[in-house]
Amino acid sequence: MKTRIWLGFVLVLVFSACRKDPKDPLINQGGTKYVPTVVDPTTIFPVSKFGLPNLPSDNSFTEEGIYLGRMLFYDPILSFDSSVSCGSCHRQQNAFSDPVIYSNGIYGLKTGRNSSALINLAYSKKFFWDARQTTLRELVFEPIQAHNEMAMTLPLLSKRLAKAKRYVEYFDKAFGSEPNVFNMSKALEQFLLSIVSQNSLFNDFFPGRFSLLNDEQKRGALLYNGLVDFDGVTGLTTGTDCFHCHGGALAQQNNPDMGGITNNGLDGSFSDRGFGAITNNPLDRGLFKTPTLLNVAVTGPYMHDGRFTTLDQVIDHYSDNMNFQSPTISPMLTAHSNKQLLLSKQQKADLKAYLLTMTDTVFIKNPAYSNPFKK
Amino acid sequence: MRVKLNKWFLGIIAVTMVLVVGMQSCGEEPIKPPPAPIKTGVQLNFAALWEGQPLTFLSGYFKNNATQPEYIQFLNFGMIVSKLSLVKEDGTEVLLGDGYQWIDFKKSRTQFDYEMPEGSYKAVKFTFGMDSAVNHGDPNQWGPEHPLNGNLTGMHWGWAGGYIFQAIDGNYKDSLTGLYNKGMSFHAATDVMKREFIVPVGAIGGASGLISVSAGKLTKVNFNYHVNKLLQGVELKKGAVSHSEGTKEAALMARLLSNLTDFKAFEVPTP
């Protein structure tokens with residue numbers, strides 16, 4: 001009996017000693033301990049709809065990390081003159097895009113391209129219109145430092161974060177560290193990865209539940225997915241094949257070579273080389289990352305340069321105005337004998353009706369993604 | 001007295017063990033060793049060739065010797081296979097991994113290591129495409145890095161079409177002086193287009209050979225895909241697109257797939 005008591009005592013001693021290991025990153029210098037709440041990715045991502053994304057192995061989701069990222073996303077102190085936050089150009093009501101053609105940076109300076117919507121980024125492998133970034137934690141440093149966006153310097157940003165009480169507390173909670181730009185980028189990465197849109201009618205329909213759609217939407221779905229694409233007698237195209245580049249439940253192709261980075265026949269010559277400026281390969285000129293069409297009704301203006309203000313104009317482009325002489329146009333667009341689709345008025349309306357099913361009204365009002373400074 | 005001594009003795013041993021285990025758990029997380037290299041097996045290297053030369057992407061044109069020459073520029077070439085296996089001399093088959101693989105020549109995702117039992121193997125066997133239940137099953141059931149994860153490969157057409165098991169995209173011209181490209185897009189899909197291939201070991205037209213897998217050795221096996229044979233006799237200006245559906249496009253895809261066998265497009269030289 002005595003032996004057992006002694007044994008128990010030793011066990012308690014040994015394991016309590018473990019907890020006080022000074023190398024434990026969760027213990028801050030004051031000796032207090034805060035253990036952030038780990039968030040299971042399956043509670044963030046709709047596995048049955050999209051599957052699980054490939055997540056960074058060194059930046060596990062925590063409630064504190066996501067919240068810190070959300071604070072940073074909406075905090076204008078990340079810009080030089082404290083006038084612009086990430087959320088200024090990526091507005092939630094617009095599915096984290098900007099309703100203007102070029103966004104306003106500090107001092108009224110304009111961005112060079114239309115601000116992309118931030119939707120289901122965890123499933124993407126390339127970021128920005130020219131697909132130049134591969135991780136969100138690296139991406140965030142670009143707008144923060146760009147002269148025409150937030151124009152911030154990292155040393156100044158470090159100082160600002162360190163001075164702000166809220167950040168001293170939250171960096172400690174999330175990372176057990178003082179505020180620094182490295183963990184700032186990881187917190188922003190957590191928040192950006194956690195932004196998920198999955199509640200549209202399209203996402204409920206997606207496995208082919210046609211009973212959820214009205215007649216117009218059904219016809220649009222058939223056009224979009226190429227199910228009326230092939231005329232068995234003439235072999236001519238009568239559909240729109242949107243699904244090639246905007247396919248799957250994410251309404252987006254993520255393999256760059258399968259339509260994920262493409263030239264969609266906008267121009268015969270390129271004032272903006274897009275992906276070609278990154279690779280310096282002439283055959284990549286005029287290629288841009290294919291955006292998701294989820295929430296497309298609220299993400300206008302459209303294309304990398306915001307040239308189309310309405311969905312009708314976008315549909316007209318693909319139907320009637322494709323520039324087949326564009327030197328790097330996607331073969332998926334030219335393979336049908338370089339002929340315009342020339343959709344009927346009814347077909348255009350059907351296609352638009354289907355695109356409108358992709359709006360996720362829960363997403364664009366979800367308080368989990370909203371500005372935490374606005375109570 | 002003897003009983004008491006035993007109790008003390010046992011107690012000391014128990015405490016010592018607890019201390020040792022406890023202290024070990026206190027230490028820094030042991031650095032996980034890298035995954036052990038496969039010691040016995042094969043390394044399968046896929047290569048896409050055009051008349052014996054490596055296929056290149058986004059550069060140059062390859063001359064297709066149809067009735068009239070056409071010039072092809074490749075932009076993309078990927079495929080998904082299932083039941084990838086090696087065939088033993090006695091005819092039994094050994095599956096490589098779970099048998100599924102995504103090969104992407106543009107991305108150079110072409111080299112795969114597999115653990116294999118020792119022995120002599122006479123052929124590589126695989127299926128273009130997969131069983132219907134898998135083809136039309138939920139693509140979200142597969143892990144983020146599995147070859148059947150549609151978001152990883154981009155080779156899934158959603159609920160309507162299942163998997164694309166071979167995608168070749170590019171441009172072509174009737175002559176090299178032509179100004180503008182025309183598109184070429186061959187996407188093999190649907191249950192009807194599923195094909196099984198057995199590729200005997202040995203150079204095409206040469207003597208048959210064997211792949212020897214011996215203990216402690218990773219045997220390198222080359223798998224050559226002669227893409228010019230896929231397109232042999234195909235005039236792109238008469239049809240440069242097939243998504244495997246519809247009378248005309250299905251017939252064109254069936255012809256391409258027949259070419260693979262008829263003209264011996266696959267080759268596994270003796271290692």
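I first looked up strand β10 (residues 182–189) of chain B, and found that eight of its eight residues are buried, so the strand is largely enclosed by the rest of the structure. I call a residue buried if 20 or more other C-beta atoms, placed from the backbone, lie within 10 Å of its own, and I take strands as DSSP runs (E, at least two residues) numbered from the N terminus.

I noted that this is a predicted model, in which local features need pLDDT of at least 70 and side-chain atom pairs count only at pLDDT 80 or more, while totals for chains, interfaces and linings use all residues. Residues are numbered from 1 along each chain as its sequence is written, and chains are lettered from A in the order in which they are written.

Both faces of β10(B) are covered, with B:K182, B:M184, B:F186 and B:A188 buried on one side and B:G183, B:S185, B:H187 and B:A189 buried on the other.

I then looked for its partners, where two strands pair if DSSP finds at least two bridges between them. Strand β9 (residues 164–173) of chain B runs antiparallel to β10(B) and is joined to it by eight bridges, with B:K182 as the bridge partner of B:Y172. Strand β14 (residues 241–242) of chain B runs parallel to β10(B), with two bridges, and there B:V241 is the bridge partner of B:S185.

The contact (C-beta atoms, placed from the backbone, within 7 Å) takes 25 residues from domain 1 of chain A and 23 residues from domain 2 of chain A.

Technical notes
A residue is buried if 20 or more other C-beta atoms lie within 10 Å of its own, exposed if 12 or fewer, and partly exposed in between; C-beta atoms are placed from the backbone. Helices (H or I, at least four residues) and strands (E, at least two) are DSSP runs, numbered from the N terminus. Two residues are in contact if their C-beta atoms, placed from the backbone, lie within 7 Å.
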